[in-house]
Amino acid sequence: IKDQELQFKVSAKRNKYLAEWVSVKLGKNDQQKQNYVQEIIKADMEEAGDEDVFRKVKKDFETNSIIIEDSEIRNQMEKALSRAKEDFK
């Protein structure tokens, strides 16, 4: 149970860091950023794995006419995950 709980916390933190990065790119203010963190967390609940989050972020960039390579999004997801894991060490 402990591992699952930790995994959930790490995931939530990763989503927060990722959402903050995306928010900066999209020019969101603090309130919008908070809302966006919630959107990312919701997206992450859609299916197992990270593809649901990746698709949401990619779509949000496209909707805002911001060109970001898939590899850059995945790279940022990886960085956010590493940072989140560090937080719980």
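**Figure 1. Lys58 and Glu62 within helix α3.** Lys58 and Glu62 lie four residues apart in helix α3 (residues 51-63), so about one helical turn separates them. In this predicted model, the two side chains form a salt bridge in which the closest N and O atoms are 3.4 Å apart. Lys58 counts as partly exposed, its relative accessibility being 25%. Side chains of opposite charge can pair when their charged atoms come close.

**Figure 2. Overall arrangement of the predicted model.** The protein has four helices and zero strands, and its elements run α-α-α-α from the N terminus on. The radius of gyration is 13 Å, close to the 12 Å that the globule rule gives for 89 residues, so the protein is as compact as a globular protein of that length. Along the principal axes, the C-alpha trace spans about 40 × 25 × 20 Å. Of the 89 residues, 31% count as buried. Among contacts with a separation of 6 or more, 60% are made by residues 24 or more positions apart. The structure holds 12 salt bridges, among them the pair of Figure 1, Lys58 with Glu62.

**Figure 3. The salt bridge between Asp87 and Lys13.** The side chains of Asp87 and Lys13 meet in a salt bridge, with an N to O distance of 3.5 Å. Asp87 belongs to helix α4 (residues 70-87) and Lys13 to helix α1, so the pair ties together parts that are 74 residues apart in sequence. Both partners are partly exposed: Asp87 has a relative accessible area of 34%, and Lys13 has one of 25%.

**Figure 4. The salt bridge between Glu20 and Lys16 in helix α1.**

The salt bridge between Glu20 and Lys16 in helix α1. The side chains of Glu20 and Lys16 meet in a salt bridge, with an N to O distance of 2.8 Å. The two residues are four apart in helix α1, so about one helical turn separates them. Glu20 is partly exposed, with a relative accessible area of 21%. Lys16 is partly exposed as well, with a relative accessible area of 33%.

**Figure 5. The largest pocket and its lining.** About 320 Å³ of space lies in the largest pocket. The elements that give two or more residues to its lining are α1 (2-26) and α2 (30-44). Helix α1 gives the most, with seven residues. The lining is made up of 15 residues, and Gln7, Ser11, Arg14, Asp44 and Asp50 lie nearest the centre of the pocket. By class, seven lining residues are nonpolar, four are polar and four are charged.

Figure 6. Arg14, Asp44 and Asp50 are linked in a network of salt bridges. These three residues are also among those nearest the centre of the largest pocket.

Figure 7. Ser23 is placed in helix α1, and Lys33 is found in helix α2. Ser23 counts as buried, at 0% relative accessibility, whereas Lys33 is partly exposed, with a relative accessible area of 22%. When residues up to four places away in sequence are not counted, Ser23 touches Lys28, Lys33 and Tyr36. With neighbours within four places in sequence left aside, Lys33 is in contact with Glu20, Ser23 and Lys28. The C-alpha atoms of Lys33 and Asp87, which are 54 residues apart along the chain, are separated by 21 Å.

**Figure 8. Ser65 in the loop between α3 and α4.** Ser65 is found in the loop that lies between α3 and α4. Its phi is near 55 degrees, a positive value in a residue other than glycine. At 64% relative accessibility, Ser65 counts as exposed.

Notes: Residues numbered from 1 in each chain as written. Predicted model: local features only at pLDDT ≥ 70, side-chain atom pairs only at ≥ 80, totals over all residues. Heavy atoms only, no water. 1 Å grid on protein atoms, 1.4 Å probe; cavity = no way out; pocket = protein on both sides within 12 Å on 5 of 7 lines; lining within 4 Å. Points joined across faces, edges and corners; volume = space filled by probe spheres on them. Nonpolar A, V, L, I, M, F, W, Y, C, P; charged D, E, K, R; others polar. Salt bridge = Lys/Arg side-chain N within 4 Å of Asp/Glu carboxyl O. Buried < 20%, exposed > 50% of the residue type's maximum accessible area, 1.4 Å probe, protein only. Contact = heavy atoms within 4.5 Å. Rg over C-alpha atoms; globule rule 2.2 N^0.38 Å.
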